[in-house]
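Here is a walk through one protein model. Start with the strands, then turn to the rings.

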Amino acid sequence: MQYTLIIEDRNGIITDELTFEQGSFSIGRNEGNDILLPSRSVSRHHARVFTEAGHVYIEDLNSSNGVVVDGRRIMGITELGPGSQIRVGDFLLLFKTRKGPQDSILTAGRAAQPEAATLPRLIRVGDEREGDTYPLQEIEIAIGRTDDNFLVFKDSSVSRHHAQLFQDRGRMVAVDLGSSNGTRINGQLIHQPAILNAGDIVSFGNLRFIFAQAGQSIDINDYRKQLTRSNRGLVIAVTILALLLVFITSSIAAFLILEKDEGPPPITPDTALQRADSLCDEGDILTRSEQWDEAIARYSQALGYQPEHPRATQALARARSEKDALHIIEAADQNISNGDAMERQGNRLEASLLLSRAREQLGQVQPDSVYHTRATDRITLQIDPSLVRIQRQLGADFAQSGRYAESVAAYESALQTLQLLPEDRRPDLGSEIRAPLWNALVAAADAAAASEDWVTAVRYYERAQEIGELPRQVVRRLQNARRHLP
């Protein structure tokens, strides 16, 4: 079986292609990775793809922004299927398989994009880029002219931060962010969040797209005819409107000559600032219920009305930070669950590694986060007690099999973890751990001395001496080891 990874950047341009039959390939932004993705949204060592027993897997290497496979953020290792789509930061990796040379690896052009049919998507129509397809697999998709957006369109009619799409209970919702030329659905300018229906034509400035639901088949020719008729009608409408404006302007001028000046028209209260404040109020309500994606959408829209709005700026940064903290909690919970499963299967070493990774993840939750208490409770009530137990068992396992150096490391780790627990939750296990640790240290020192590794032998003997008194024969072995030191 032959496998291919096709790498696309955020604009849908294919930047690289990797074909392989077996092996392991690292993914990250640092030089030295097999698949180099130069973007700040990609971690230095983000993920790896590897083969095993005829299957292909991807593993998230504890990256900051995660790995999304077929629209779902993965935890740990996940198997890839034919046609899987992998989101790594700003990049999309398309996974394909083939059994022989008769199978096509890559379809010609971007208009076909059969793999995108499994996801909702935008299909560009009505200009020279007609047929370009943009899968919509993220929960929140920022659209605009600058590079900090998820979908970037370098068109003068598109604002820097033009619009946003987000998924809400299985529906795709469009929000205009106060753009200069507006966002339209089927020609109608939107001012509030609007639900997209299958086949709708969505316009960002002068750029038009067909919105297709997952699995929906689209014939661009039908829409091309529809747009042509719309354009012809628009020309007629504009002509009529121009004539009406001339008539109305003349009438108003005549009226103003005859009538007295009534003063300026009343000021409407629906100002941009008030709209931004109202959206912030909605965002605050969503924040209190921890609906971060929806809150982020409201604060972003508020900044569309008032780009320098201090309340929206601060609230948006906090909502994004809390969303990241929630992702950390979810990833750590998955590692805790996997660690518990490994322990039940008797794989204590893998269980210890998974729990240690979860502990490191939870330590990233900031003290001012609403999830900080939850993170610390996970550490003190679940992870650390389990680690002490597992590391003690590992120490005993290693000692029984004669692997004394590894036994020492396991018992030392158990002692260190025990000291991290709060005093009121710290079991009195110090003596129960130090006694087998002392035995492991002496045994490891004897083994090092037997192989004439005198530096290691002295180090282990002296560490044992710190824990408990050495018998005379062990003291003599320590003195002998010291005489052999260089």
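Two strands pair if DSSP finds at least two bridges between them. Helices (H or I, at least four residues) and strands (E, at least two) are DSSP runs, numbered from the N terminus. This is a predicted model: local features need pLDDT of at least 70, side-chain atom pairs count only at pLDDT 80 or more, and totals for chains, interfaces and linings use all residues. Residues are numbered from 1 along each chain as its sequence is written, and side-chain values use heavy atoms, without hydrogens and water.

In β6, E59 is the bridge partner of R48. Strands β5 (residues 47-52) and β6 (residues 55-60) run antiparallel, with six bridges. They belong to an open, mixed sheet of five strands, ordered β4-β3-β5-β6-β9. β4 (35-36) and β9 (77-79) are at the edges with a single partner strand each, so one side of each has no neighbour in the sheet.

R48 also meets a ring. Its charged end sits over F50, 3.9 Å from the ring centre (CZ of Arg or NZ of Lys within 6 Å of the centre and within 35 degrees of the ring normal).

Now the aromatic pairs. Rings of Phe, Tyr and Trp (its six-membered ring) pair with centres within 6.5 Å; planes under 30 degrees apart are stacked, over 60 edge-to-face, the rest tilted. The structure holds nine such pairs. F20 and F25 are tilted, at 4.8 Å and 55°. W292 and Y371 have centres 6.4 Å apart and planes at 70°, so this pair is edge-to-face. W292 lies in helix α3 (residues 292-305) and Y371 in the loop between α5 (348-362) and α6 (372-400), so the pair ties together parts 79 residues apart in sequence.
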